[in-house]
Amino acid sequence: MNSVIIVKEIINTEYAVAPEDGELVYKKLNELLEKETQPIIIDFEGVTRTTTAFFNSSLAIFLKDFSSEELNSHFKFKNLSSTSLYMLKRSIDMAKLKFREGGSSSEIIKEELKDES
Amino acid sequence: MCSRDFIIVDMPEKVANSSSTFEHLLATFKEISYLEQKSIIFDFKNTNWFDANLSAFLGAIFRYLLSKKNKVFIDNMSESISTILKKNNFLKTFSLEDAPDVYNTTVEFRVFKQENRTEFQSYIDENLIPKISISMSEGFKSIFSSALDEIYQNARTHGESADITACGQWFPTRSIVKFTICDIGVTIPENVGRLHPQYSPKEAINWATQYGTSTKPEGISGGVGLDYLKKFIRVNGGKLHIISGQGYWGYDGNITMKDLAGYFNGTVVNLEINLNDCKMYACESEMGIIDNSASGDMMINIF
């Protein structure tokens with residue numbers, strides 16, 4: 001039986017925007033990770049807005065200690081809107097840069113500047 | 001400016017979204033920021049134009065002065081400017097009367113406390129987004145709104161600001177919406193300077209506007225708010241200004257940077273959106289990715 005966490009119930013608001021609320025979700029997931037063997041379902045039902053600030057401190061931070069493969073086996077997502085998925089992907093991309101490539105985002109910045117010129 | 005029992009601050013002829021206005025206001029702020037328990041009069045006798053979104057900037061200065069036990073007054077304000085600042089709730093916030101916004105052109109002046117995590121999002125959705133009458137998909141509106149919220153979250157957490165002020169104005173005849181978010185707290189050059197002491201104030205702001213950069217603590221990656229807004233502004237033909245510490249950074253497709261003579265111990269993010277823009281805005285996630293939110297299907301392999 002999978003554990004399910006309802007994000008809205010943890011943060012007590014439909015706006016998953018503040019980093020402190022992300023930390024609440026991170027703590028809950030971290031507790032569950034220690035005891036669960038089955039994937040944990042993260043349910044975004046009722047969440048209407050998200051920011052990368054929220055995802056940075058709730059989910060992308062796990063990339064500091066786990067590989068993408070491990071996290072894909074630990075977490076499944078439900079009721080994640082397309083815009084929240086966009087935010088989460090951006091957050092994950094930035095975390096990969098930070099944690100996997102020596103803490104530097106210089107490569108992407110160079111690409112961005114190339115785009116602008 | 002003179003001093004006896006009170007201090008008079010002369011406001012410039014035009015309070016507009018321009019580097020000369022910001023330079024004037026920063027120079028003024030530098031002179032008065034040390035004052036405590038004084039009566040300070042902001043004299044508008046020379047002022048014939050006021051971009052209402054800059055109420056957020058002026059409001060942040062007022063609140064800073066009030067926190068130092070000063071009294072703040074407004075004098076010689078023209079009827080037209082006074083009417084705008086009544087409509088957008090600015091004067092009411094400082095215990096002066098308000099006026100009805102008959103033409104619904106204002107984005108209300110609002111003060112947010114640092115501990116308020118979510119109210120800004122509904123403020124944006126209800127007050128600003130409806131004024132931006134360009135063609136945007138629901139997904140794009142949502143991401144645009146979240147990008148602004150990222151700026152607010154930065155002000156709360158990076159700026160360590162007790163108050164964050166915001167205000168906007170729709171100018172129907174010029175087809176522009178202007179919006180400003182302002183905080184008084186730790187500046188961008190201060191935050192960036194801890195990681196990159198070699199950067200001048202303007203360079204520090206430029207660094208902060210780039211994708212993925214962050215001065216957040218170890219383990220937390222950066223945000224995308226400024227980067228997203230910058231990309232939007234480039235396509236939209238609008239403008240983005242940031243003033244923080246002594247740094248000024250402007251963007252209208254090209255970057256303009258200056259280190260100013262004045263100093264503002266906080267950050268102003270100032271956005272101008274061009275409504276004469278016929279493009280249709282949508283986000284990548286609406287193109288080809290199935291939205292599972294409606295079906296409730298499980299999504300896997302996100303990392």
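A salt bridge is taken here as a side-chain nitrogen of Lys or Arg within 4 Å of a carboxyl oxygen of Asp or Glu. The model is a predicted one, and a search of the whole structure with this criterion finds 15 salt bridges over all chains.

**Salt bridge between the chains**

- The side chains of E20(A) and R156(B) meet in a salt bridge, with a distance of 2.3 Å from N to O.
- This pair crosses between chains, since E20(A) belongs to helix 2 (residues 19-35) of chain A, while R156(B) belongs to helix 6 (residues 138-157) of chain B.
- The two partners are described by their accessibility as follows: E20(A) is partly exposed, with a relative accessible area of 30%, whereas R156(B) counts as buried at 3%.
- Side chains of opposite charge can pair when their charged atoms come close.

**Salt bridges involving aspartates of chain B**

- D163(B) forms a salt bridge with R63(B), in which the closest N and O atoms are 2.5 Å apart.
- Because D163(B) lies in strand 8 (residues 163-171) of chain B and R63(B) in helix 2 (residues 55-67) of chain B, the pair ties together parts that are 100 residues apart in sequence.
- D227(B) forms a salt bridge with K231(B), the closest N and O atoms being 3.5 Å apart.
- Both D227(B) and K231(B) lie in helix 9 (residues 225-236) of chain B, where they are four residues apart, or about one turn of the helix.
- An α-helix has 3.6 residues a turn, so residues three or four places apart point the same way.
- D227(B) is buried, with a relative accessible area of 2%, while K231(B) is partly exposed, with a relative accessible area of 22%.
- The pair also belongs to a network of salt bridges that links R90(A), D227(B) and K231(B).

- In helix 3 (residues 79-87) of chain B, the residues I81(B), S82(B), L85(B) and K86(B) are buried.
- Seen down the axis of helix 3 of chain B, these buried residues fall within an arc of 135°, so they line one face of the helix.
- The cover over the buried residues of helix 3 of chain B includes strand 4 (49-50), helix 2 and helix 4 (90-93) of chain B.
- Helix 3 of chain B is followed by N89(B), whose phi is positive, near 80°.
- Helix 6 of chain B has 20 residues and, at 1.5 Å a residue, should span 28 Å, which agrees with the 28 Å between its end C-alpha atoms.
- Of the 20 residues of helix 6 of chain B, 16 are buried, so the helix is largely enclosed by the rest of the structure.

**Two buried positions in chain B**

- D51(B) is found in the loop between strand 4 and helix 2 of chain B, and it is buried, with a relative accessible area of 1%.
- Leaving aside residues up to four places away in sequence, D51(B) touches V15(B), A16(B), N17(B), F171(B), R174(B) and K178(B).
- The side chain of D51(B) makes a polar contact of 2.9 Å with the side chain of N17(B), and a polar contact of 2.7 Å joins the side chains of D51(B) and K178(B).
- D51(B) and V9(B) are 42 residues apart in sequence and, from C-alpha to C-alpha, 18 Å apart in space.
- N206(B) has its place in helix 8 (residues 201-208) of chain B, and it counts as buried at 17% relative accessibility.
- Not counting residues up to four places away in sequence, N206(B) touches W249(B), I255(B) and M257(B).

**Chain A as a whole**

- Chain A contains six helices and five strands, which follow the pattern β-α-β-α-β-β-α-α-β-α-α along the sequence.
- Of the 117 residues in chain A, 56% are buried.
- Among contacts in chain A between residues at least 6 apart in sequence, 79% join residues at least 24 apart.
- Chain A exposes about 5,300 Å², of which carbon and sulfur atoms supply 45%.

Note on methods:
Residues numbered from 1 in each chain as written. Chains lettered and ligands numbered in written order. Predicted model: local features only at pLDDT ≥ 70, side-chain atom pairs only at ≥ 80, totals over all residues. Heavy atoms only, no water. Buried < 20%, exposed > 50% of the residue type's maximum accessible area, 1.4 Å probe, protein only. Arc of directions from axis to C-beta. Contact = heavy atoms within 4.5 Å. Areas by Shrake-Rupley, 256 points an atom, 1.4 Å probe, with all protein chains shown as cover. Expected span 1.5 Å × (residues − 1). Polar contact = N/O pair within 3.5 Å; in protein donor to acceptor, adjacent residues only side chain to side chain.
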